[in-house]
Amino acid sequence: MKRDIQVVQDLEAVARGALTQLRRLLDSSPEGPFRIALSGGSTPRRLYELMAEASLPWERIHLFWGDERCVPPDHKDSNYRMTREAMLDRLKLPDAQVHRWQAELDPDEAARLYDKTLKTEFGADWPQFDLMWLGMGEDGHTASLFPGSPALERTDVAAVANYIEKFENHRLTLTFPAINASRHVALLISGAGKAPVLPEALHSDHYPVSRVHGTSSTLFLLDQAAAAQLG
Ligand code: 6PG
């Protein structure tokens, strides 16, 4: 599985590089819905701010999330809240184009409902996102697929509640089959804290992030700090 590894100067350049790829993918698929799975965490915030200022065919764009914390949508830890503050509040997209996890509910119920949403929105048993944005944690997790967590082995369903020992709580996440069915997967990775994991993450299947790929492209978009230990 071919990976494209691009090293850019800093977080701003990661955000701009991701937006450039989005524009290119939109231009090369000129009609119909374009479904994006958004990453959570802090890295993509700048990208979402740039998107809010960008001239994009928003009438085509449907937003989903690759994972979510088990908190209400207005909670400080909510990935939806981060996205709302950075982008959605400035766009006023129709609700029918914004598909958040109902993370205020019981985790298993939230996962069941999101899996149902995916089936409805994609009109198929399995989603095939046009673009999947993901981040990477310092432990090599991606989405909320953490090392050693039960969801790593789930191949029967697209959306699950995943119990994370170190948090003593669940996270909501797409599974590897759902992620890897995406046409284009882009890992947006920034910061020196990510540097120690990246060499092995890129050259083995040791970490969850090592196991993600798109059916058409897999891009690792790294800033110099994160790429510092790559040969
Ligand atoms: C989340 C994300 C998670 C994130 C990584 C990197 O919900 O936190 O989905 O996978 O992408 O932990 O987070 P940072 O971008 O904050 O370093």
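Visitor: Before we start, what do buried, exposed and partly exposed mean here?
Guide: Buried is under 20% relative accessible area, exposed is over 50%, and partly exposed is in between, using a 1.4 Å probe and protein chains only. This is a predicted model, where local features need pLDDT of at least 70, side-chain atom pairs count only at pLDDT 80 or more, and totals for chains, interfaces and linings use all residues. Residues are numbered from 1 along each chain as its sequence is written, and side-chain values use heavy atoms, with hydrogens and water left out.

Visitor: OK, how many aromatic pairs are there?
Guide: Seven, from a search of the whole structure. Rings of Phe, Tyr and Trp (its six-membered ring) pair if their centres lie within 6.5 Å; planes under 30 degrees apart are stacked, over 60 edge-to-face, the rest tilted.

Visitor: Why is the Phe64 and Phe122 pair called tilted?
Guide: Their planes are at 35°, so the pair gets that label, with ring centres 5.6 Å apart. Both residues are buried.

Visitor: Which rings make up the cluster?
Guide: Phe64, Phe122 and Phe129, linked by ring pairs.

Visitor: What lies over the face of Phe122?
Guide: Arg35, at 4.8 Å from the ring centre. For a charge over a ring, NZ of Lys or CZ of Arg must be within 6 Å of the ring centre and within 35 degrees of the ring normal.

Visitor: And which ring has Arg100 over it?
Guide: That's Tyr80, with the charged end of Arg100 5.8 Å from the ring centre.

Visitor: New topic: Phe167, buried or partly exposed?
Guide: Partly exposed, at 39% relative accessibility. Phe146 is buried, at 3%.
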